[in-house]
Amino acid sequence: MDSSFFRLRLDLLELSLKHQAHHLGSCLSCLDLLWQLYDRVLGQDDEFILSKGHAAMALYLVLAEKKLIDKKDLFDHFGKDGGIFLGHPSTRHLKNITWSTGALGQGLGVAAGRSFYKKYYRRQGNVFVLVSDGELNCGSSWEAIALAGAQKLSSLVLLVDLNGLQGIGEDAEVFNVGERILEKFQCFNWQAILIDGHAPEVLERAIATKEGDKPLVIIARTVKGKGLPSIENKVACHYQHATQPMIEEFKQLYETKLF
Ligand SMILES: Cc1ncc(C[n+]2csc(CCOP(=O)(O)OP(=O)(O)O)c2C)c(N)n1
Ligand SMILES: [Mg+2]
């Protein structure tokens with residue numbers, strides 16, 4: 001097991017317990033993708049938007065692990081009124097945040113706009129955006145997908161956190177976006193690839209396949225609540241915060257398997 005899998009999750013559980021912070025399942029779903037993105041993919045000219053802003057805790061912990069923000073500061077001040085580590089990422093408070101998010105369905109349109117800018121003003125770098133599968137219920141997402149394909153926005157890299165669950169139910173009950181999802185994107189002139197969103201180094205390999213003048217979508221199959229079997233794949237884990245028994249469960253499962 002990659003040691004970051006253990007360390008980042010333990011930090012997340014402790015941060016969530018300390019501040020009774022919700023969206024634990026959502027953070028565990030995308031933590032490995034965020035880590036790989038910041039550890040191995042993002043370059044100096046690249047930008048990133050966490051469109052599923054409710055997973056801010058996961059983003060902050062990855063930024064802290066990369067020493068881009070102070071971890072103690074984060075643990076002391078997460079979610080505090082007037083503080084900088086808000087429950088959803090805000091550009092007003094942190095220079096590492098490209099776009100304030102939290103209202104679902106907006107990040108992809110913004111990322112497409114920024115990619116459009118890069119194309120027409122010949123700027124370097126890619127624009128990465130991470131969306132949840134629930135965000136693909138939104139018409140605004142599909143407008144951006146159609147635009148990006150038609151305009152050949154090849155600097156746009158979309159990561160979809162396909163965990164099959166939303167806030168109060170399953171994707172399948174609302175809009176089964178996972179069904180033939182590669183074809184859906186290919187129809188809009190995207191290059192589309194499917195990965196396991198928890199396997200080490202897969203993101204880097206997927207991005208290395210990028211070719212031609214199409215935008216790239218990486219569909220990451222993920223597990224909501226990944227790492228804690230008692231909450232994995234359960235709808236309720238969306239609004240849960242960590243508890244002490246969860247931390248014990250997690251340590252018992254993984255501490256011995258670290259190397
Ligand atoms: C426009 C908008 N509507 C509703 C919400 C409340 N909300 C927060 S998370 C969520 C759904 C979460 O499901 P999904 O989008 O699939 O995210 P994940 O499974 O990755 O947590 C909702 C409805 C919101 N943040 N923005
Ligand atoms: Mg989801």
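Guide: L130 lies in strand β2; strands (E, at least two residues) and helices (H or I, at least four) are DSSP runs, numbered from the N terminus. This is a predicted model, in which local features need pLDDT of at least 70 and side-chain atom pairs count only at pLDDT 80 or more, while totals for chains, interfaces and linings use all residues. Residues are numbered from 1 along each chain as its sequence is written, and chains are lettered from A and ligands numbered from 1 in the order in which they are written.

L130 counts as buried because 28 other C-beta atoms lie within 10 Å. The cut-offs are 20 or more other C-beta atoms within 10 Å of a residue's own for buried, 12 or fewer for exposed, and partly exposed in between, with C-beta atoms placed from the backbone. Leaving aside residues up to four places away in sequence, L130 touches C30, L33, L50, S51, K52, L159 and D161; contact requires C-beta atoms, placed from the backbone, within 7 Å. Y60 is 70 residues from L130 in sequence, and their C-alpha atoms are 15 Å apart.

Strand β2 belongs to an open sheet of five strands, ordered β1-β2-β3-β5-β4 with parallel pairing; two strands pair if DSSP finds at least two bridges between them. The edge strands are β1 and β4 (191–196), each of which pairs on one side only. From one strand to the next the twist averages 20°.

On one side of β2, four bridges join it to β1, and the two run parallel. Within this pairing, V129 of β2 is the bridge partner of I49. β2 also pairs with β3, in the parallel sense, over six bridges, and there V131 stands opposite V160 of β3.

β3 is mostly covered, with seven of its seven residues buried. In a regular strand the side chains alternate between the two faces of the sheet. In β3, L156, L158, V160 and L162 point one way and V157, L159 and D161 the other. Of these, L159 and D161 are among the residues that L130 touches.

Helix α2 (residues 24–41) lies across β1, β2, β3 and β5 (216–221), and runs at about 155° to β3; axes are lines fitted to C-alpha atoms, for helices over the stretch in contact, and angles run from 0 to 180 degrees between N-to-C directions.

The other is helix α5 (residues 107–120), which has 14 residues and reaches 20 Å from its first C-alpha to its last, close to the 20 Å expected at 1.5 Å a residue; the expected span is 1.5 Å times one less than the number of residues. Its buried residues are G107, L108, A111, A112, R114, S115 and K118. Seen down the axis of α5, they fall within an arc of 165°, so they line one face of the helix; the arc is that of the directions from the helix axis to the C-beta atoms. These buried residues pack against β1 (47–50), β2 (127–132), α6 (139–150) and β3 (156–162). After α5 comes R122, whose phi is positive, near 50°.

Terms used: Contact = placed C-beta atoms within 7 Å.
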